[in-house]
Amino acid sequence: MNNIKMFLVRYAEIGTKGKNRYVFEDMLCKRIRNRLKPNGDFDVRRDFGRIYIEALSDYDYDEVVAKLTKIFGIVGLCPVTVAEELTYECIRDAALEHFDESFGPDSDSEYNGFNFSFKVHTRRVNKEFPMNSMEIDMEIGHDLLEKYESEGLHVDVHKPDVMVEVELRGDKGYVYSRIIPGPGGLPVGTNGKAMSLLSGGIDSPVATYMIAKRGVEMEAVYFNSPPYTSARAQEKVEKLGTIVAQYAGPIKLHIVNFTDIQLCIYDNCPHDQLTIIMKRIFFQIAERLAAANDCQAIVTGESIGQVSSQTMQSLGVIDAAVDCPVYRPVIGMDKQEIVEYSQRIGTFETSIEPYEDCCTIFVDKHPVTKPKMKSIEISEKHLVGKVEELIDKAIETAEIKWLK
């Protein structure tokens with residue numbers, strides 16, 4: 001596919017945005033330009049409900065397609081062959097070239113070779129072209145059959161294997177027949193910013209991905225507890241964040257040293273409440289980081305009933321520690337559903353690497369599953385005058401890494 005010089009970007013939900021549609025289109029164009037900047041010179045433009053990506057220099061086709069199909073907002077990517085002049089002869093030549101490039105022996109199409117059915121569908125946006133859409137359909141179809149019928153190509157106007165799309169716009173023609181699936185969603189940056197609690201588990205990377213897919217720019221916070229957690233545990237989290245960043249764009253990761261806070265909780269609070277109190281402080285730190293970085297919400301990977309700290313009662317007590325909204329996109333998913341999602345986005349194999357996070361280090365054998373707010377507040381009074389300075393220090397000394 002090295003001869004492909006243009007891609008047509010398909011989107012879905014963006015098309016429903018009415019008068020604000022241009023805002024989403026412009027943001028999608030910006031995201032595409034930023035992602036492709038290291039890969040060569042590309043012209044990205046929108047035109048009458050279409051977004052075109054034109055290669056102005058040599059580029060690696062597979063690498064560019066891999067990047068484009070991870071950009072939120074893109075539903076499908078169509079490799080296009082361009083007829084540089086709006087004459088029937090140029091359009092016909094573009095269609096023949098497109099078939100050779102897309103279905104010839106060197107292509108990666110499932111229809112490698114020409115033994116399949118097809119149909120031509122023309123959109124004649126330029127009404128000055130002398131032939132109407134049906135006439136173009138018939139003539140292009142005839143020319144394709146004339147060249148490839150002996151190799152098995154045949155017409156099926158009802159359920160074709162391949163739909164050949166021809167668009168006549170301005171002074172050019174565009175031919176495409178393949179839709180490479182994209183992730184869908186909305187362009188990142190169109191729906192504010194959120195702070196994700198990112199751990200090395202399966203759930204939180206999926207939750208981060210799901211919120212980013214709704215157009216939300218993501219930052220993340222990781223709570224580190226050396227020497228109880230190893231450097232490999234942090235590397236694992238950074239690797240997970242980097243995988244999600246392939247879709248969400250660069251993620252600013254705040255690495256917070258939580259060891260002293262954790263030991264303070266352990267020394268002063270009932271051990272069956274350790275996880276609940278620890279998570280309440282997680283949320284309080286995340287809320288302060290969110291406010292300092294213009295984030296409007298906290299995101300976590302919690303699912304109802306999955307562990308003791310994720311019962312309805314536990315989640316209610318944890319949420320009461322903060323004022324900002326808390327989003328839990330996997331809240332109603334069971335573990336297998338989350339696992340399947342993580343496999344789909346490419347985080348699963350990293351998530352199951354055996355490195356502990358700070359949540360699992362000081363877990364009591366019999367943690368409380370239905371905590372009472374009054375009981376937690378009484379326990380937290382033992383932290384007053386001891387933990388505040390530790391929290392301030394943890395925030396002030398947080399390490400920043402950009403994951404790309």
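This report describes a pocket, some salt bridges and the nonpolar cores of a predicted model.

Residues are numbered from 1 along each chain as its sequence is written, and side-chain values use heavy atoms, with hydrogens and water left out. Because the model is predicted, local features need pLDDT of at least 70 and side-chain atom pairs count only at pLDDT 80 or more, while totals for chains, interfaces and linings use all residues.

**A pocket**

Rolling a probe the size of a water molecule over the atoms shows where empty space is left. On a 1 Å grid over the protein atoms alone, a pocket is an open set of points where a 1.4 Å probe fits, with protein on both sides within 12 Å along at least five of seven lines. Lining residues have an atom within 4 Å of a point. Grid points are joined across faces, edges and corners, and a volume is the space filled by probe spheres set on the points.

The second largest pocket has a volume of about 330 Å³. Its lining includes Arg-31, Asn-34 and Arg-35, as well as Lys-67, Gln-246 and Lys-404. At least two lining residues come from each of helix H1 (21–36), helix H2 (61–68) and helix H6 (231–248); helices are DSSP runs of H or I with at least four residues, strands are runs of E with at least two, and both are numbered from the N terminus. H1 gives the most, with 3 residues. By class, the lining has 4 nonpolar, 3 polar and 5 charged residues. Here Ala, Val, Leu, Ile, Met, Phe, Trp, Tyr, Cys and Pro count as nonpolar, Asp, Glu, Lys and Arg as charged, and the others, Gly among them, as polar.

**Salt bridges**

The structure holds 24 salt bridges, each a side-chain nitrogen of Lys or Arg within 4 Å of a carboxyl oxygen of Asp or Glu. Three of them are listed here.

| Pair | N to O distance |
|---|---|
| Arg-46 and Glu-25 | 3.1 Å |
| Glu-54 and Arg-45 | 3.2 Å |
| Arg-50 and Glu-167 | 2.9 Å |

Arg-46 and Glu-25 meet in a salt bridge. Arg-46 lies in strand E2 (residues 42–47) and Glu-25 in helix H1, so the pair ties together parts that are 21 residues apart in sequence. Glu-25 is buried at 5% relative accessible area, whereas Arg-46 is partly exposed at 37%. Buried means under 20%, exposed over 50% and partly exposed in between, with a 1.4 Å probe and protein chains only. Glu-54, at 23%, is partly exposed, and Arg-45 is partly exposed at 25%.

Arg-50 forms a salt bridge with Glu-167. Arg-50 is in strand E3 (residues 50–55) and Glu-167 in strand E7 (residues 162–169), so this pair links parts that are 117 residues apart in sequence. Both residues are buried. Salt bridges that share partners join Arg-50, Arg-123, Glu-165, Glu-167 and Arg-169 into one network.

**Nonpolar cores**

A nonpolar core is a set of buried Ala, Val, Leu, Ile, Met, Phe, Trp, Tyr and Cys residues joined through side-chain atoms within 4.5 Å. The largest has 36 residues, of which Phe-258, Ile-261, Ile-265, Ile-281 and Ile-285 touch the most other members. Helix H8 gives the most to this core, with 11 residues. Beyond its neighbours within four places in sequence, Ile-285 is in contact (heavy atoms within 4.5 Å) with Phe-223, Val-256, Phe-258, Ile-261, Ile-391 and Ile-395. A second, separate core of 33 residues includes Phe-72, Leu-198, Ala-207 and Tyr-209.
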